[in-house]
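This briefing is for a student who has the sequence and the model at hand. Please look at both before reading the notes.

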Amino acid sequence: MAISDFIKTLTARGFIHQMSDPEGLDAACAQGPLTAYIGFDCTANSLHVGSLVQIMMLHWFQKTGHRPLVLMGGGTTRIGDPSGRDTSRQLLDAAAIEENKAGIFKVFENFLTFGDRPTDAVQIDNADWLDTLEYVPFLRDVGRHFSVNRMLSMDSVKMRLDREQPLSFLEFNYMVLQAYDYVEINKRYGCRLQMGGSDQWGNIVSGIDLGRRMTGAELFALTSPLITLASGAKMGKTADGAVWLNADRTSAYDYWQFWRNTADADVSRFLKLFTTLPMDEIERLGALEGAKINDAKKTLATEATTFIHGRAAAEAAAATSEATFVSGTTDAGLPTVEIPRDALVEGLGVLNALVTAGLAASNSEARRSVQGGAVRLNDDKVDDPARAIGQDDVRDGVVKLSVGRKKHTLLRPV
């Protein structure tokens with residue numbers, strides 16, 4: 001039975017997959033402020049929803065009285081994590097890594113409080129120590145603690161070799177560097193817990209073993225389960241691509257809609273993982289049946305969107321959805337794309353308009369949507385792929401384009 005608020009909270013909400021020493025970690029958390037970290041490589045200028053479980057773990061770690069460290073992989077991004085991949089990641093230069101790091105950090109400011117107090121979050125970068133390593137001393141002091149036999153048995157390596165996919169010597173070093181990160185962060189910040197997704201278990205345990213061998217430190221590991229949808233699909237990916245956490249990459253409306261479209265079977269689980277609602281309220285919402293389950297989905301969408309876009313934007317997105325789907329009206333809160341006014345004078349083909357609006361990837365996809373009866377112009381069905389949009393189609397300064405019931409964009413002539 002957990003005695004610390006942190007382990008109790010994560011257990012109740014379904015965050016825990018594995019712990020290296022459950023009783024020891026629980027006791028350490030109960031004794032007072034502990035320091036933990038999770039690493040995020042800077043491979044893009046935003047994280048997506050697939051990283052949200054780890055971010056929420058850091059959130060709850062701080063909320064229950066501990067200090068979270070956000071490790072930016074400025075150094076390890078230059079190597080590329082082979083975990084869960086059949087191919088090597090694209091190598092980025094220093095400027096791209098710095099740009100991505102700045103974009104990613106914006107997300108954490110929505111979930112954590114940064115500062116100098118004992119439980120305030122701290123942003124760190126492993127480039128601070130990895131970039132200054134000398135190769136031969138590193139091999140002598142760190143590399144000698146690693147067994148190549150064991151490294152070859154790690155899932156991230158074994159999967160690549162079993163599928164006869166190339167694994168570069170550069171990538172093979174990744175697990176050594178991640179393990180060394182843990183040792184270095186323990187020395188610099190007194191950190192005793194590394195958290196991450198279940199695919200990171202082997203790398204984290206390697207860090208625990210390296211810390212014991214090099215310094216005698218008692219370190220802990222905690223991983224979260226891989227989050228998949230009830231359909232079996234991977235969390236964070238949709239037919240339209242990744243659902244990004246940065247507000248400038250996924251609009252409040254689109255982000256709200258992503259959560260609103262949660263399958264019935266996932267609602268209760270996602271309320272626990274991705275909101276901070278009290279457990280009794282989550283149990284009440286999770287027990288709703290039939291059409292009433294939509295109320296739980298709307299609550300999930302609004303609470304999740306509030307973290308990223310703020311309460312006002314989340315409620316505006318909910319109101320826009322209500323106006324669009326229930327009232328059938330055109331609402332200014334929908335995603336908007338500006339088009340040249342002259343295009344309407346000449347007549348803008350509906351297929352071109354769908355591609356411009358981001359509702360189709362190509363004219364051929366747009367044509368199939370029209371032929372399938374999925375396209376609407378100002379809520380009127382479009383039957384003719386050759387239909388042109390003109391000035392007479394402008395309503396209140398915009399033209400509303402829709403594909404199906406859930407994808408809507410406003411075209412605004414300028």
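The notes below cover a sheet of strands, then salt bridges within helices, then a network around one lysine.

The model is predicted. A search of the whole structure finds 14 salt bridges.

- Which strands form the open sheet, and in what order? Five strands take part, in the order E9-E15-E14-E11-E12, and the pairing is mixed.
- E9 and strand E12 (380-381) stand at the edges of this sheet. Each has a single partner strand, so one side of each is left without a neighbour in the sheet.
- Strand E15 covers residues 407-413. It is mostly covered, as five of its seven residues are buried.
- Strand E9 (residues 336-339) runs parallel to E15, and four bridges join the two.
- Val 337 stands opposite Leu 411 in E15, and Ile 339 has Pro 413 of E15 as its bridge partner.
- Strand E14 (residues 399-403) runs antiparallel to E15, and five bridges join these two strands.

**Salt bridges within helices**

- Side chains of opposite charge can pair when their charged atoms come close.
- In helix H10 (residues 174-189), Glu 184 and Arg 188 lie four residues apart, about one turn of the helix. Their side chains meet in a salt bridge, with an N to O distance of 2.9 Å.
- Arg 188 counts as partly exposed because its relative accessibility is 41%, which falls between the 20% and 50% cut-offs.
- In helix H11 (residues 201-214), Asp 209 and Arg 212 are three residues apart, so about one helical turn separates them. The side chains of Asp 209 and Arg 212 meet in a salt bridge at 2.5 Å, N to O.
- Asp 209 is partly exposed at 23% relative accessibility, and Arg 212 is partly exposed at 49%.
- In helix H14 (residues 279-286), Glu 281 and Arg 284 are three residues apart, again about one turn of the helix. A salt bridge joins the side chains of Glu 281 and Arg 284 at 2.8 Å, N to O.
- Glu 281 counts as partly exposed with a relative accessibility of 26%. Arg 284 is partly exposed with a relative accessible area of 45%.

- Where is Lys 101 found? It is in helix H4, which spans residues 94-108.
- Lys 101 has a relative accessible area of 14%, so it is buried.
- Which residues does Lys 101 touch, not counting those up to four places away in sequence? They are Cys 42, Met 72, Gln 123 and Asp 125.
- Asp 125 is also part of a network of salt bridges that links Glu 98, Lys 101 and Asp 125.

Note on methods:
Residues numbered from 1 in each chain as written. Predicted model: local features only at pLDDT ≥ 70, side-chain atom pairs only at ≥ 80, totals over all residues. Heavy atoms only, no water. Buried < 20%, exposed > 50% of the residue type's maximum accessible area, 1.4 Å probe, protein only. Contact = heavy atoms within 4.5 Å. Pairing = 2+ DSSP bridges. Salt bridge = Lys/Arg side-chain N within 4 Å of Asp/Glu carboxyl O.
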